[in-house]
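Colleague: I've got a model open and I'd like to learn how to read it. Can we start with the pockets?

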Amino acid sequence: MEENEILELYHLQYADLMALSSHQIPTSNDEIQRLASISISIMQSLGRNGPGLLSITGVPAAQTSQTLLPLARKLALLRNDDRKRILKDHNLGSDVPLKDLNRTVSSFAMQMKYDDDFKFGFGDRAVSKEVESGEFKDLGFAFRELGFCMMELGLCLARVCDQQIGGCELEQSLLQSGTAKGRLIHYHSVADNAAINEAENRKRRSRVSLGENCKSDYGDDGNSKLWQQWHYDYGIFTILTMPMFMLSNESDERECDSPSGHTYLQVFHPEMNCVVMVKAPRGSFIVQVGESADVLSRGRLRATLHSVSRPDKMENLSRETFVIFLQPAWSKTFSLANYPDEHLRLGGQGTELRDEETCSARHELNGLARKIQEIVPPLSSRLRDGMTFVEFAKETTKQYYGGKGLQANR
């Protein structure tokens, strides 16, 4: 399969986002018109004919990611006992089975809270004496500092979208929730898994060969190698840092540029009817629309169908990122009364996946659309009128990853 098309995201300046979400009215007509044009561009990016993503540039806290992201790989490769102690010291946990030696992803999570007055606290920077002088001493503080900044971005963007849609459904849903989940994620290189297996083999004093149990996630055609399978996020917004790529060997690790100049986040673009690779400016933040925003906006916003691809022939390359998932309160009730029926059909949120259509004359889908349909449960099978968010979340997780889920064995 040839390289996918590149999608250059719309760049929203942080200062403009703050101005748009402010209750202050600009003093000049030119500024009013300029901000109105930006609002339209935001809706075009996140709406029915757009990709469901945009990037935010010029965010003051962006530099914090340079402190936090390298810690993802270090945590992933620690011995289980050492990692468990460090995570506990910083009030972090994990929502993936970290004892799985062949996992492709390690995720370190924290539930974060804010109050109705839109005030964010960065928490206590103090940690236990065992780690206060080590390489993880700033882990919890950097996690919170960056996380609360990204939560603010999501709330401000929800307010701007509400202004265009009418009402205040998105912003109020986030404020009523009062929480968001932060995840520091390490996407393993093949070499990482080999190192994890080797360490375990030494521990067990076995004769298992290096990397014997190491697996990679290749598709049936050998070309669909993914770090993360195709899916929709089911919250309101997902805020992501630009990923950091790390090259490692037995004695060293270093940050490197993306091999292809993009993020390796790939989305199905509904307007182009093809898979595109997402590209965004260095130091920016990426915003994705989730299924709850799609429903709460009555279809004005479009949830992003996405996955994370894996570079070919680069066994020493890993990917690090930090993500904030903004969601409604668990008790939030969904109404489908004004939600278009066609958006519930197979393919998800009205996305037509047709094998015969192409991104260009050179880039055919080659059956990928059919494969996506096989592993992504349609919204109509997971959401019913009057269902609460917690019920929707449980049903979605069950259909993706449960015992008989579409991605349970992938």
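Modeller: Helix 4 (70-76), helix 5 (80-89) and helix 8 (190-204) each put at least two residues into the lining of the second largest pocket. Helices (H or I, at least four residues) and strands (E, at least two) are DSSP runs, numbered from the N terminus. Before we go on: this is a predicted model, so local features need pLDDT of at least 70 and side-chain atom pairs count only at pLDDT 80 or more, while totals for chains, interfaces and linings use all residues. Residues are numbered from 1 along each chain as its sequence is written, and side-chain values use heavy atoms, with hydrogens and water left out.

Colleague: Which helix gives the most to the lining of the second largest pocket?

Modeller: Helix 8, with 7 residues. On a 1 Å grid over the protein atoms alone, a pocket is an open set of points where a 1.4 Å probe fits, with protein on both sides within 12 Å along at least five of seven lines; lining residues have an atom within 4 Å of a point. Here the lining comes to 19 residues, and Leu77, Leu78, Arg79, Ile196 and Ala199 lie nearest the centre of the pocket.

Colleague: How many helices and strands does the chain have?

Modeller: There are 11 helices and 14 strands. Of the 410 residues, 54% count as buried. Buried means under 20% relative accessible area, exposed over 50%, and partly exposed in between (1.4 Å probe, protein chains only).

Colleague: And how do I read a core?

Modeller: A nonpolar core is a set of buried Ala, Val, Leu, Ile, Met, Phe, Trp, Tyr and Cys residues joined through side-chain atoms within 4.5 Å. The largest one here has 74 residues, and Ile42, Leu157, Cys161, Leu184, Phe237 and Leu301 touch the most other members. Helix 6 (residues 139-165) provides the largest share of this core, 16 residues. A second, separate core has 19 residues, including Leu53, Trp227, Leu265 and Ala280.

Colleague: What does Leu184 touch?

Modeller: Contact means heavy atoms within 4.5 Å. Leaving out residues up to four places away in sequence, the partners of Leu184 include Leu68, Ala72, Phe108, Phe143 and Phe322.

Colleague: How many aromatic pairs are there?

Modeller: The count comes to 9. Rings of Phe, Tyr and Trp (its six-membered ring) pair if their centres lie within 6.5 Å; planes under 30 degrees apart count as stacked, over 60 as edge-to-face and the rest as tilted. Take Phe245 and Tyr264: their ring centres are 5.8 Å apart and their planes at 70°, so this pair is edge-to-face. Phe245 is in strand 8 (residues 244-248) and Tyr264 in the loop between strand 9 (253-256) and strand 10 (265-269), so the pair ties together parts 19 residues apart in sequence. Phe245 is buried at 4% relative accessibility, and Tyr264 is buried at 5%.

Colleague: What about a stacked example?

Modeller: Look at Trp330 and Phe389, which are stacked at 5.2 Å centre to centre with 25° between the planes. Trp330 sits in the loop between strand 14 (317-326) and helix 10 (368-375), and Phe389 in helix 11 (residues 389-401), 59 residues apart.

Colleague: Is Trp330 buried or partly exposed?

Modeller: Partly exposed, because its relative accessibility is 43%. Phe389, at 0%, counts as buried. Both belong to a cluster that ring pairs build from Tyr234, Trp330, Phe334, Phe389 and Phe392.
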